[in-house]
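Subject: Structure handover

Hello,

Please find the structure below. My notes on it follow.

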Amino acid sequence: MAILVTGGAGYIGSVMVDQLAEAGEEVVVIDNVSRGHHAALAEGARFYEGRVGDLALVERVCRERAVEACIHFAALAYVGESVTEPKLYFENNVAEGLGLLDGLRAAGVRSFVFSSTCATYGEPVRVPIDEGHPQWPVNPYGWSKFFMERILESYDRAYGLRFVALRYFNAAGATLKRGEHHEPETHLIPNVLAAAAGRLPHVSVFGSGYPTPDGTCVRDYIHVTDLCSAHTLALAYLRCGGRSEFVNLGNGHGYSVMEVIEAARRVTGREIEVRVEAARPGDPARLVADARKAREVLGWKTQYPELDTIVRTAWEWHEAHPEGYGSRGGAGTG
Ligand code: UFG
């Protein structure tokens, strides 16, 4: 039996494929590599280049490879782009997601692990954010993931699809082989490290007047290896007959933008010039997970909770891969 990973050429998906292969699982990847990288694909995984919404492809792959479960990473994930190009987000994240679910259903695959996001909560009314926090996204990216969550609930009730929807906080860090390479890069840690490496003249800090201790935004950074180990546990949970769940993935600790920059100065030993700029529209001041449910339901334990470790692993990957996966266009999926 195989595990289907969509978006296996993306940042998080590629780490997941490695973890599954190391655990002895047979892995099948579907990815259109529109935003991922061929170089990020693990050699051992069987790769089908195509759309996840191609129902016939999904059904064929599932039957050919005897797929028992799907981990679905493939999606567009730029908040800003989703505001200017919402059609792209609803098409890629919702319509394609629906095609995937129907292909799985046609092939009789009933276990599904879904990459959701804390962006489904919108502007928090309380922090830390638990899974019962109201969901009212503030951008089309968040809505696209919210809609997928509701579709999953309905498919569970009607068709017996069991799922774990994992609501990621801020994915970060790298393994020795896989790291974060988006084009354009909008995420904080890669940009801070690019400034440390001299590839950017400075790091822009978007806003310093937030109601946080140092005025910059606070986020809950979670190492990509820990994120992926939660998916492995979710898979085991579903294999044991666990019922459908929504689960936050974060460390439960918030770090400000300035604290991240300080950590990068410590880790790299480099000067990092900072320029405070206007706040980015739609950035909530504080996003920190209440991650107890992941521990209780999945038995999740994080291996790399410290910010310095997260930044160090990202730095090591960037040092070893100064051009990332190469200069082709496109940003990572998932
Ligand atoms: N930031 C900067 N300078 C930069 C980049 C980011 O100051 O060059 C700030 C942002 O304004 C934000 C914080 O650093 O306050 C983190 O920004 P990221 O872009 O790294 O991450 P976000 O919190 O905006 O986004 C993440 C995920 C999204 C998800 C979102 C949920 O990348 O997929 O969390 O709000 F939707």
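Cys118 has a relative accessibility of 6% and therefore counts as buried, where buried means under 20% relative accessible area, exposed over 50% and partly exposed in between, with a 1.4 Å probe and protein chains only. Cys70 is buried as well, at 0%. This is a predicted model, in which local features need pLDDT of at least 70 and side-chain atom pairs count only at pLDDT 80 or more, while totals for chains, interfaces and linings use all residues. Residues are numbered from 1 along each chain as its sequence is written, and side-chain values use heavy atoms, with hydrogens and water left out.

Disulfides

With a disulfide taken as a pair of cysteine sulfur atoms within 2.5 Å, the count is zero. For Cys70 the closest cysteine sulfur belongs to Cys62, at 7.1 Å, which is too far for a bond. Cys118 is in no disulfide either; its nearest cysteine sulfur, in Cys217, is 12 Å away.

Helix packing

Helices (H or I, at least four residues) and strands (E, at least two) are DSSP runs numbered from the N terminus. Axes are lines fitted to C-alpha atoms, for helices over the stretch in contact, and angles run from 0 to 180 degrees between N-to-C directions.

Helix H4 (residues 86-106) packs on helix H5 (residues 140-159) with the axes 9 Å apart and an angle of about 20 degrees. H4 is therefore roughly parallel to H5, since angles under 35 degrees count as roughly parallel, over 145 as roughly antiparallel, 65 to 115 as roughly perpendicular and the rest as oblique.

The axes of helix H8 (residues 257-268) and helix H10 (residues 307-320) come within 9 Å and cross at roughly 60 degrees. That angle makes H8 oblique to H10. The crossing of H8 and H10 is also right-handed. H8 contributes residues including Val260, Ala263 and Val267, and H10 residues including Leu307, Val311 and Trp315. The contact of H8 with H10 has seven nonpolar residues, one polar and four charged.

Helix H6 (residues 188-196) is mostly covered, with nine of its nine residues buried. These buried residues pack against strand E7 (170-172), strand E8 (203-206), strand E10 (221-223), H8 and H10. Just after H6, Gly198 has a positive phi of about 85 degrees.

Backbone geometry

Which peptide bonds are cis? One runs from Val127 to Pro128, with omega near 0 degrees, and Pro128 sits in the loop between strand E5 (111-117) and H5. Another runs from Glu183 to Pro184, with omega near -5 degrees; Pro184 belongs to the loop between E7 and H6.

Positive phi also turns up in residues other than glycine. Val33 has phi near 50 degrees and lies in the loop between strand E2 (26-31) and strand E3 (46-49). Val33 is buried, at 5%. Ala66 has a positive phi of about 50 degrees and lies in the loop between helix H2 (55-65) and strand E4 (67-72). Ala66 is partly exposed, at 35%.

Individual residues

Ala2 is in strand E1 (residues 2-6) and is buried, at 0%. Leaving aside neighbours within four places in sequence, its contacts include Glu26, Val28 and Ala66.

Ser14 lies in helix H1 (residues 11-22) and is buried, at 1%. Not counting residues up to four places away in sequence, Ser14 touches Gly7, Gly8, Ala40, Arg178 and Tyr325.

Arg162 is in strand E6 (residues 162-168) and is partly exposed, at 23%. Arg162 and Gly242 are 80 residues apart in sequence and 8.0 Å apart, C-alpha to C-alpha. With neighbours within four places in sequence left aside, Gly242 is one of the contacts of Arg162, as are Arg110, Phe112 and Leu238.

Regards

Methods
Left-handed = near helix turned anticlockwise from the far one by under 90°. Contact = heavy atoms within 4.5 Å. Nonpolar A, V, L, I, M, F, W, Y, C, P; charged D, E, K, R; others polar.
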